[in-house]
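Open the model in your viewer and show it as a cartoon. The tour moves from one selection to the next, with a note on what is there.

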Amino acid sequence: MLQITLVTHSTTYTEATALANTLQSILGPSTNIVSINPYPKFTDSFRVDLETIVPLDNPSAIIHQTIDIADQIVSPWLTY
């Protein structure tokens, strides 16, 4: 199991939920939204917790899948 935590900034609960749903659809059916809660350190911020299943029998597969998941999450926001 791989746990992913994201902290939003200047968002509403509805926007944080939309982000969580988008990430869930991008990462596939093995990804679950664990929680979406206010993040106390910042105003108008939310902590989004996700879990996804990764194969535990192959350590290199876990590393590669983690890199792939991170790439899927950040690629839309990368600028060159």
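## Stop 1: a loop residue

Select Ser10: this residue is exposed, with a relative accessible area of 51%. Here buried means under 20% relative accessible area, exposed over 50%, and partly exposed in between, using a 1.4 Å probe and protein chains only. Ser10 sits in the loop between β1 and α1. Its phi is positive, about 55°, although Ser10 is not a glycine. Most residues other than glycine have a negative phi.

Before going on, note that this is a predicted model, in which local features need pLDDT of at least 70, side-chain atom pairs count only at pLDDT 80 or more, and totals for chains, interfaces and linings use all residues. Residues are numbered from 1 along each chain as its sequence is written, and side-chain values use heavy atoms, with hydrogens and water left out.

Now select Asp44. Asp44 also has a positive phi of about 55° and is not a glycine. Look for Asp44 in the loop between β2 and β3.

## Stop 2: the whole chain

Zoom out. How many helices and strands are in the chain? There are two helices and three strands. Helices (H or I, at least four residues) and strands (E, at least two) are DSSP runs, numbered from the N terminus. Trace the chain along the sequence and the pattern reads β-α-β-β-α.

The C-alpha trace spans about 40 × 35 × 20 Å along its principal axes. Of the 80 residues in the chain, 26% are buried. The accessible surface is about 5,500 Å², and carbon and sulfur atoms account for 60% of that surface. Accessible areas come from the Shrake-Rupley method with a 1.4 Å probe; for residues, only the protein chains shown count as cover.

Take the contacts between residues at least 6 apart in sequence: 50% of them join residues at least 24 apart. Contact means heavy atoms within 4.5 Å.

## Stop 3: the sheet

Select the three strands. They form an open sheet in the order β1-β3-β2, with antiparallel pairing. β1 (2–7) and β2 (31–38) stand at the edges with a single partner strand each, so one side of each has no neighbour in the sheet. From one strand to the next, the twist averages 15°. Strands of a sheet pair through backbone hydrogen bonds. Two strands count as paired if DSSP finds at least two bridges between them.

Show β1 with β3 (residues 46–52). This antiparallel pair has six bridges. Find Gln3, which stands opposite Glu51 in β3. Then find Thr5, opposite Asp49 in β3.

β2 and β3 pair in the antiparallel sense over seven bridges. On this side, Ser35 stands opposite Asp49.

Is β3 mostly covered or mostly uncovered? β3 is mostly covered, with five of its seven residues buried.

## Stop 4: the helices

Axes are lines fitted to C-alpha atoms, for helices over the stretch in contact, and angles run from 0 to 180 degrees between N-to-C directions.

Which residues make the contact? Show Leu23, Ile26 and Leu27 of α1, and Ile69, Gln72 and Ile73 of α2.

Stay on α1 and select Gln24, which lies in this helix. Gln24 counts as partly exposed, at 25% relative accessibility. Leaving aside neighbours within four places in sequence, Gln24 contacts Thr31, Asn32 and Ile33. Draw a C-alpha to C-alpha distance from Gln24 to Ala61: the two are 20 Å apart in space and 37 residues apart in sequence.

## Stop 5: a buried loop residue

Finish at Val54, in the loop between β3 and α2. Val54 is buried, with a relative accessible area of 7%. Neighbours within four places in sequence aside, Val54 is in contact with Met1, Leu2, Ile62 and Gln65.
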